[in-house]
Amino acid sequence: MLPIAYHPIYKHPLPEGHRFPMIKYELLPQQLLHEGTAVQSDFYSPSLPDMQHILAVHKKEYVDELVNLTLDPRAVRKIGFPLSAELVERELRIAEGTIWGCHRAMEHGIAFNIAGGTHHAYSDRGEAFCLLNDQAIGAQYLINNKLAKKVLIVDLDVHQGNGTAEIFESNSDIFTFSVHGKSNYPFKKETSDLDIALPDNTGDSKYLSILEETLPKLIDTEKPDFIFYLSGVDILASDKLGKLGCTIDGCRQRDEYVLSLCHKLNIPVQCSMGGGYSPDIKIIIEAHANTYRTARHIYV
């Protein structure tokens, strides 16, 4: 089984010409089913979460303003999506999908969320298409419920996980690790437990060698009993919001390395998709689908 959280609400309607490729959340599960990487029984439709799980990470005032649609217009502009009840429901269901994935990963070794990786959401605000930080919510859920003693968040999106870093800046139970583009958004970085900022056009070889030098040592030192993996495909050379210059095969090799290591060490891993902004939607879907294909090859 390849447990995958997905709900039709993930594909949220946006104004004509909006730069966020929302269509990918509809096309990706279709592609996985079409090619046989996943079957219908792999998919789970997330319900709404217990709000206490959200409030364990996000400030109550911020969550109340989101739910009641009373967020300041300037704060809404920072998020980048028009605020609506449906958008808030979408974010809550994504968070629940990641919480569900925590349990499935402990059963099956791995679990996915078709959306998520909303690492720019801070404890008290959202920004850059992120309202609620799904993997932060999942990580705190595991600690609070004594399902894990030490959690490692491996964030390989091209953008630094600034919200995640802020949320866990004084939390020794959750280690934040971010590999990102030095000159990419956010231009004012937060401080993760370990940040590796890469220059433009790093490319496959250098990117993979840095990952291979760093991740095993980090796991050996921190000894996590659960890993969250943010597998953004905005490291691609074709990405209009990323500058790292990696190929589709390099991105696939990255996923293969991370997931093979988790499998070899018997550490459960929950994967959220993160960003991908190549102008050609087919490239985005192919790169994301590779993550699932790789996992199926390793785990199923």
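Tutor: On a 1 Å grid over the protein atoms alone, a cavity is a set of points where a 1.4 Å probe fits but cannot get out, while a pocket is an open set with protein on both sides within 12 Å along at least five of seven lines; a lining residue has an atom within 4 Å of a point. Grid points are joined across faces, edges and corners, and the volume is the space filled by probe spheres set on the points. Here the largest pocket holds about 400 Å³ of space. Its lining has 27 residues, and the closest to the centre are His120, Ala128, Phe129, His159 and Tyr277.

Student: Before we go on, what kind of model is this, and how are its residues numbered?

Tutor: It's a predicted model, where local features need pLDDT of at least 70 and side-chain atom pairs count only at pLDDT 80 or more, while totals for chains, interfaces and linings use all residues. Residues are numbered from 1 along each chain as its sequence is written, and side-chain values use heavy atoms, with hydrogens and water left out.

Student: How do the lining residues of the largest pocket divide into nonpolar, polar and charged?

Tutor: Ala, Val, Leu, Ile, Met, Phe, Trp, Tyr, Cys and Pro count as nonpolar, Asp, Glu, Lys and Arg as charged, and the others, Gly among them, as polar. By that scheme the lining has twelve nonpolar, ten polar and five charged residues.

Student: Which residues does UniProt list for the domain?

Tutor: An unreviewed UniProt entry lists residues 24–280 as "domain: Histone deacetylase". UniProt positions are in the numbering used here, feature names are shortened, and annotations may be inferred rather than shown by experiment. For secondary structure, helices (H or I, at least four residues) and strands (E, at least two) are DSSP runs numbered from the N terminus. Residues 24–280 are 43% helix and 13% strand, with the end C-alpha atoms 11 Å apart.

Student: How many aromatic pairs are there?

Tutor: Rings of Phe, Tyr and Trp (its six-membered ring) pair if their centres lie within 6.5 Å; planes under 30 degrees apart are stacked, over 60 edge-to-face, and the rest tilted. That rule gives eleven aromatic pairs. Take Phe20 and Phe81: their ring centres are 5.2 Å apart and their planes at 85°, so they pair edge-to-face. This pair joins distant parts of the chain, 61 residues apart, with Phe20 in the loop between β1 (4–5) and α1 (24–35) and Phe81 in the loop between α4 (73–79) and α5 (85–108). Phe20 also pairs edge-to-face with Tyr277, since the centres are 6.1 Å apart and the planes at 70°. Those two are 257 residues apart, Tyr277 being in the loop between β8 (269–272) and α10 (281–299). Phe20, Tyr25, Phe81, Phe129 and Tyr277 form one aromatic cluster.

Student: Are Phe20 and Tyr277 buried or exposed?

Tutor: Buried means under 20% relative accessible area, exposed over 50%, and partly exposed in between (1.4 Å probe, protein chains only). Phe20 is buried at 10%, and Tyr277 is buried at 9%.

Student: Where do charged ends sit over rings?

Tutor: The test is NZ of Lys or CZ of Arg within 6 Å of the ring centre and within 35 degrees of the ring normal. The charged end of Arg90 sits over the ring of Tyr25, 5.1 Å from its centre. Likewise, the charged end of Arg125 is over the Tyr122 ring, 3.7 Å from the centre.

Student: How many residues of helix α6 are buried?

Tutor: Ten of eleven in α6 (residues 134–144), so the helix is mostly covered. Ile137 is among those buried residues, and its C-alpha is 5.9 Å from that of Val57, 80 residues apart in sequence. Val57 is in the loop between α2 (51–55) and α3 (60–67), and is buried at 8% relative accessibility.

Student: What about the backbone: which residues have a positive phi?

Tutor: Leu69 is one of them, with phi about 60° although it is not a glycine. Leu69 is in the loop between α3 and α4 and is partly exposed, at 40% relative accessible area. Lys146 has phi near 55°, lies in the loop between α6 and β4 (151–155), and counts as exposed at 74%. There's also a cis peptide bond from Tyr185 to Pro186, with omega near -5°. Pro186 is in the loop between β5 (174–181) and β6 (194–198).
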